[in-house]
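This report describes a two-chain model, chain by chain and then across the contact. Please keep the sequence and coordinates open while reading.

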Amino acid sequence: MNRRSTRLVALTAATGLAVAALSGCASGSSGPEETGGDVTVTWWHNGTGEPLKSFWEEVAAEFEADHPGVTVDVEAFQNEDLQRTLIPNALQAGGDAAPDLFMVWAEGEIKAQVEAGYLKDLSGLTDVVESVGGAGTGWNVDGKQYGIPFRFGIEGIWYNSDQFEQAGITETPATFDEFGEAITKLAESGVSPIGVGAGDGWPAAHWWYQFAIKTCSGDSLKKAAETLDFSDACFVEAGENLKSWMDGFEGDLPFQANPTSTPAQSVPNSAAGLLAAQTTSMELMGTWHRGEVAKLVPGAPADNPPAPEWLSWMPVPDIEGAAGEPGAALGSGDAGGVYVDAPDETLELLEYVMSEDVQTRFAATGEIPTVAGAEAGITDPVLKQIAEGTVNASLVVTWLDTQYGPVIGQAMNDAIVNLMFGNGTPEQIPEAMNAAAATL
Amino acid sequence: MTATETTGPAVSAAGPAPAPSTRRRNRARAGQRREVALFAGPAVIVYVVFVLLPVLLAGYYSFFNWNGLGPLDRFVGIDNYVRLLTDPVFHTSVYNNFFIIVLSLLVQGPIAILVALLMNRRLRFRGMLRALIFVPYVLSEVTAGLAWQILLQSVPPTRWGPFDTMLQGIGIQDPPAWLADPNVVMWTMFGILTWKYLGLAIILMLAGLAGVPEELYEAAALDGAGWWKTQWYITVPLLGPTIRIWAFLSIIGSLQLFDMVWIVTGGGPLNASNTMAVYMVKYGLNVSQIGFGSAVAVVLFFISLFIALGYQRFALRRDLEGSLTGGKRT
C-alpha cells in the first residue's frame with residue numbers, strides 16, 4: 001500500500017467517524033432541533049386539495065407569527081402515500097425523520113402505532129380533549145387520548161334532488177321500505193338509482209356495514225371490536241338482510257350495471273363521477289363526497305369548484321324491526337397525533353389548530369369541525385344537515401374496516417363484494433374475518 | 001492480458017525486491033484489480049444496496065409477523081409461506097401471470113413476426129405505419145390504463161360504454177362485460193397488453209430482419225423458393241436470436257406485471273385479475289403486513305430467478321456464449 005492510499009484510508013476513517021458522530025448527535029437530541037432557541041415543527045397532513053392546503057399553510061403562518069423562534073414546516077401528501085408509506089417509514093426511522101404533528105387514523109390503526117411506542121399521550125390537553133367530546137373516542141387507546149380529531153362526520157346518502165323530483169319522490173325516505181320504493185321510482189324514470197364503486201371494494205362494503213350496525217346490537221358490535229371474534233350470528237344475518245334487500249329488485253338494481261369495474265372516486269368513470277355527471281341518482285359516502293363530486297362535475301373549474309345545487313344528503317334510513325340501535329350511524333374523521341419525541345411546541349400548535357377560532361374558519365371552508373361551537377362556521381345547508389345528523393346519531397360506529405384494522409378490513413371487504421356481486425354467501429364474511437384475525 | 005501490463009504504476013515498491021519478473025506480474029495484477037474496481041465498483045455498490053440487500057432483507061422479514069412499526073420481534077418461522085401457498089387468491093395470481101406469459105408467446109410473437117415481415121417490404125407510408133405501431137409503447141402505463149378503463153366502462157343506466165357502442169355499430173350486439181366479468185377480465189387485460197407491447201416486439205423483429213444478409217434471399221430466389229418458403233427457411237431461423245431475446249423480455253415482463261393491472265382493474269373484479277405483484281401490494285403493503293408481503297416477494301423472486309436461469313441455460317445458450325459463461329479465453 002503506498003502513501004497516497006494510506007492517506008485515503010485515514011481520510012475515509014475520519015469521515016466515517018464524523019458521520020457516526022453526527023448521527024449520534026441526531027439520535028441523541030431526540031427530534032427537536034433546539035439550537036439557540038429555534039425550533040422547527042414538522043406537520044404532515046392529507047389536505048392536498050384547495051382550499052384546505054392553503055388554509056393549513058395560513059394556520060401555520062399565524063402560529064409562527066405568535067411564536068417567535070418556531071418554524072412550522074407544513075406539508076400535504078396524498079392520503080394513501082401518507083398513511084401506508086410515508087408515516088410508517090418515518091416513524092420507523094425515528095429521530096428527525098419522524099414528523100412532529102401528523103394524521104392518525106382511528107381504532108385499529110392508531111392502536112398499532114401506540115403499541116410500537118410512537119405516539120405521545122395527549123390526555124394532558126384536557127380542554128382540547130373535552131372540546132371534541134364523543135368524536136374523540138376512536139383515538140382513545142386504553143383510556144389515554146393519542147389523537148384529536150379535527151374533522152368528524154357520519155356517512156349518508158348523497159342524492160340528486162332534481163332527479164328525485166322528476167321521479168315523483170316528494171319526501172326523503174325515512175324507512176328502508178320507503179327507500180326501496182324511491183329506488184323503484186327512480187329506475188322507472190330512466191336513471192340508474194344507486195352508484196357504487198365496487199371496483200375498490202370498500203364503497204360496496206359500506207352497504208354491508210350499514211346493515212351490520214342496523215342488525216347487530218351495540219353490545220355485539222362492541223364485543224366484536226374488542227375481541228376480534230366475529231362469531232356472533234348477527235354478522236351472518238347482516239349479510240342475509242343485505243342480500244335479500246338486493247334480491248328484491250329486478251336485474252342489476254338497485255345498483256348500476258357492472259359495479260365491480262367502477263372505481264370509487266377521483267376519475268370521471270368512478271362512482272363519484274357517475275353521480276356528478278347525473279347518470280346515477282344516489283351514492284352512500286362520507287362527508288368528503290361533496291368536494292369529490294364538485295370536482296368531477298363535467299366542465300367544473302379546476303380551482304374551488306362549487307358543489308352542484310342538486311346535490312343533497314340524507315341519513316341512511318333505519319330498518320324497521322331490526323335489532324340494531326335505532327339512529328345508529330357509521331362515521332369517522334381525521335385526527336392529529338404527536339410524535340413521542342416531538343418538541344413541546346407541537347402541543348401548542350395542536351391546541352391552536354383545535355381552537356374554536358381555527359375550527360370555525362375550517363368549517364367555513366366546507367368541512368365539518370369537531371370543536372363545540374365551531375359548527376357556527378358552517379354556511380352550507382347540506383353540511384349543516386350532516387353536522388346535525390352527527391350530533392343526533394344515537395351511536396356513531398367507526399368504519400368497520402378502520403375499526404378492525406386493515407388486515408381484517410381487506411378480507412371483510414373482499415368477502416362482501418363477493419356476496420353482493422359474486423357467488424359468496426353471508427356466512428363467508430364472518431368466516432373470512434375470523435381467518436384474517438388469526439393472522440394478526 | 002498484454003494490454004493490462006502497461007497500466008501498472010511506474011513507482012518502485014520499497015523493501016527487498018523479489019525476482020523482477022514476478023514483481024512486474026504482481027504489479028500488473030494489482031493494476032488490473034484497480035481497473036476492475038474502478039469500472040465495476042459503482043455498479044456493484046448500486047446493485048448491492050438496491051438489489052441484493054433488499055432481497056436479503058425481504059427474505060429475513062418474511063419469517064416475521066411484522067406490521068412495519070416497532071421492532072421485529074414476532075418470529076413465525078415459515079407460517080407466512082404456508083399461508084401464502086395455501087391461499088386460493090394467490091394461486092389465481094400465479095395462474096394469471098402464467099396465462100399472460102403463454103398467451104404472449106403464442107399470440108404476440110407470431111403476430112409480431114408477420115407484421116414485421118410485412119413492414120419489411122416496400123410499402124407506401126411505411127415510416128408512418130411504423131410510428132403508429134410504436135405509439136402505444138411510448139405512452140405511459142397510467143395514461144394508457146385510464147384511457148382503456150374509460151373506453152371499457154359501462155355508462156349507466158345502460159350496460160354499455162364507448163367501446164361497446166362501437167362494437168354495436170359493426171353488428172356485435174351483446175359484447176361481454178370487459179372489466180366486470182371475472183371470466184373475461186384476463187382476456188381483456190391480455191388484449192390491452194398486446195396493444196401496448198406489440199409495437200416493441202415488431203420493432204425488435206424489424207431490427208432482426210435488417211440483419212439478414214440480402215445474398216441469402218438472392219440465393220433462395222435463384223433456387224426457385226417462393227416468398228413463404230424463403231421466410232420459413234431463411235428469415236425465421238436467422239431471426240432466432242431476436243425471437244429468443246424478445247421472448248425472454250416478454251416472460252420477465254409478464255412475471256413482473258403490475259402497473260397496467262393496478263390501474264385498469266386493481267386486481268378485480270372479485271380478485272380475478274390479480275398478478276403476483278398486485279397480490280403482494282394488496283395483501284402485504286396496503287394492509288401493513290410487511291412480513292407476509294416479503295414472503296410474497298421472495299416467492300416471486302425465486303419463480304422469476306428459476307425461469308430466467310432456466311431460459312438462459314436452455315434457450316439463450318448459443319446467443320450468450322462467451323458473454324456470461326466465461327467463453328474461450330484469448
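## Overall form

The model is predicted. Chain A has 18 helices and twelve strands, while chain B has twelve helices and zero strands. Read from the N terminus, the elements of chain B therefore follow the order α-α-α-α-α-α-α-α-α-α-α-α.

The table sets out some values for each chain.

| Chain | Residues | Radius of gyration | Globule rule | Extent along principal axes | Buried |
|---|---|---|---|---|---|
| A | 440 residues | 24 Å | 22 Å | about 90 × 45 × 45 Å | 49% |
| B | 330 residues | 27 Å | 20 Å | roughly 95 × 75 × 30 Å | 29% |

For chain A, the radius of gyration of 24 Å is close to the 22 Å of the globule rule, so chain A is as compact as a globular protein of that length. For chain B, 27 Å is well over the 20 Å of the rule, so chain B is more spread out than a compact globule.

Contacts were also sorted by separation in sequence. Of the contacts in chain A between residues at least 6 apart in sequence, 70% join residues at least 24 apart. In chain B, 66% of the contacts between residues at least 6 apart join residues at least 24 apart.

## Domains of chain A

The domain assignment of chain A gives domain 1 (6-153 + 331-393) and domain 2 (156-328 + 401-437). Their C-alpha centres lie 31 Å apart. In the contact between them, 17 residues of domain 1 of chain A meet 17 residues of domain 2 of chain A. On the domain 1 side, H4 and helix H15 (381-392) of chain A are the elements that give two or more residues. H15(A) provides the largest share of that side, four residues. By residue class, the domain 1 side holds seven nonpolar, seven polar and three charged residues.

## Contact between the chains

Chain A brings 36 residues to the contact and chain B brings 29 residues. On the side of chain A that touches chain B, helix H3 (79-93), helix H4 (108-115) and helix H17 (406-421) each supply at least two residues. H17(A) gives the most, with six residues. That side of chain A is made up of 13 nonpolar, 19 polar and four charged residues.

## Nonpolar cores

In soluble globular proteins, nonpolar side chains tend to be buried together. Here the largest nonpolar core has 174 residues. The residues with the most contacts inside this core are Ile148(A), Trp158(A), Trp208(A), Ala212(A), Met412(A), Ile416(A) and Val296(B). Helix H7 (residues 185-210) of chain B makes the largest contribution to this core, eleven residues. Domain 1 and domain 2 of chain A both give residues to the core, so the core lies between them. Apart from this core lies another, of five residues, among them Tyr61(B), Phe64(B), Trp66(B) and Ile290(B).

Val296(B), named above, touches Leu84(B), Met276(B), Tyr279(B), Met280(B) and Gly284(B), leaving out residues up to four places away in sequence. Helix H12 (residues 290-314) of chain B has 25 residues and should span 36 Å at 1.5 Å a residue, which agrees with the 36 Å between its end C-alpha atoms. Buried residues in H12(B) include Ile290(B), Phe292(B), Val296(B) and Leu300(B).

## Two single residues

Is Thr275(B) buried or exposed? Thr275(B) is buried, because 27 other C-beta atoms lie within 10 Å, and the cut-off for a buried residue is 20 or more. Thr275(B) is found in the loop between helix H10 (259-264) and helix H11 (276-285) of chain B. Setting aside neighbours within four places in sequence, Thr275(B) is in contact with Ser93(B), Asn96(B), Asn97(B), Leu257(B), Phe258(B) and Val261(B). Thr275(B) and Leu255(B), 20 residues apart in sequence, are 8.2 Å apart from C-alpha to C-alpha.

Asp219(A) lies in helix H9 (residues 218-227) of chain A. Asp219(A) counts as exposed because there are 10 C-beta neighbours inside 10 Å, and the cut-off for an exposed residue is 12 or fewer.

Key: Residues are numbered from 1 along each chain as its sequence is written. Chains are lettered from A and ligands numbered from 1 in the order in which they are written. This is a predicted model: local features need pLDDT of at least 70, side-chain atom pairs count only at pLDDT 80 or more; totals for chains, interfaces and linings use all residues. Two residues are in contact if their C-beta atoms, placed from the backbone, lie within 7 Å. Ala, Val, Leu, Ile, Met, Phe, Trp, Tyr, Cys and Pro count as nonpolar, Asp, Glu, Lys and Arg as charged, and the others, Gly among them, as polar. The radius of gyration is taken over C-alpha atoms; the globule rule is 2.2 Å times the number of residues to the power 0.38. A nonpolar core is a set of buried Ala, Val, Leu, Ile, Met, Phe, Trp, Tyr and Cys residues joined through C-beta atoms within 7 Å. Domain bounds come from an automatic or database domain assignment. The expected span of a helix is 1.5 Å times one less than its number of residues.
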